[in-house]
Amino acid sequence: MLRWPLVLVLTALPAGAGGWPEGIPGAEVGRMVREAMVAAGQAVPGFADPVRRFPPCAAAPAVSPRAGSWATADLRCAAPVWLRSVRTGAQPAARAKPDAPEAALGPKVVTLTHSLARGAMIGAGDIGLAPMPERAVDGIFTDPAMVIGRRAKVGLGEGQPVLARQLEPVWLVEKGNPLSLTASAGGLSVSAPAEALENGALGDVIRVMNLSSRREVKALVTGPNIVTAQTNMR
């Protein structure tokens, strides 16, 4: 008689505990967005869940408002890299009139709520918005969505604005990742499994290992873990 409650608890575990290799159901996407809005203190309107599944993701995607507004929520997956949005129709929260000293500092920028080590991935809980420093700095961010999911190139200090030069590029391919290598010739297209020998962003030409022929080739990064062989390169 004592086994039944245990079975019920186990079956109630969230489907995303180990990631979503088959894609994220629309109902789960809606739940993630609603929970993120509640955590941010935002009123949640009655919006519909997405009809189609979102792409596969190895872990829970980060949820953030687009340009500071929850009218559209962005979901960003770190592996594989993708970004999708959900329209909620949320009304912007009423903002209190800022005090004169704060207003004089200008727009708010993305800052760290605590220190991060080099190589750490930045999540929604690691950042906040604070008034821009009096001294202008190049490469500053005002939209948290542009920072979430990226890795720190250097150690970052608490309370400091996040700068573009302090972040790793947005790699669509990382060294050691399994890839899909495609090649076209004579109107035909074939694909083969491969392994990345170096990191690459969209449009980069990188070295990859063709696992079928065990030959190293150069390939163009065309998508997340997708490359196209460059037959005219050695």
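**Salt bridges**

I found the side chains of Arg-31 and Glu-28 joined in a salt bridge, 2.4 Å from N to O. I count a salt bridge when a side-chain nitrogen of Lys or Arg is within 4 Å of a carboxyl oxygen of Asp or Glu. This is a predicted model, in which I require pLDDT of at least 70 for local features and 80 or more for side-chain atom pairs, while totals for chains, interfaces and linings use all residues. Numbering starts from 1 along each chain as its sequence is written, and side-chain values use heavy atoms, with hydrogens and water left out.

Arg-31 and Glu-28 both sit in helix α2 (residues 26–39), three residues apart, about one turn of the helix. I take helices (H or I, at least four residues) and strands (E, at least two) as DSSP runs numbered from the N terminus. Glu-28 is buried at 15% relative accessible area, whereas Arg-31 is partly exposed at 34%. My classes are buried under 20% relative accessible area, exposed over 50% and partly exposed in between, with a 1.4 Å probe and protein chains only.

I next looked up Asp-49 and Arg-34, whose side chains meet in a salt bridge at 2.8 Å, N to O. Asp-49 lies in the loop between α2 and β1 and Arg-34 in helix α2, so this pair ties together parts 15 residues apart in sequence. Arg-34 is partly exposed at 27%, and Asp-49 is partly exposed at 30%.

Arg-207 forms a salt bridge with Glu-198, with the closest N and O atoms 3.6 Å apart. Salt bridges with shared partners join Glu-28, Arg-31 and Glu-35 into one network. My search of the whole structure gave six salt bridges.

**Strand β10**

I checked the pairing of β10 (residues 226–229), which runs parallel to β6 (residues 178–185) with three bridges between them. I call two strands paired if DSSP finds at least two bridges between them. Thr-182 has Thr-228 in β10 as its bridge partner.

Strand β9 (residues 215–223) runs antiparallel to β10, joined by four bridges. Gly-223 is bridged to Ile-226 in β10. β9 and β10 form a hairpin with two residues between them, and Asn-225 in the turn has a positive phi of about 60°.
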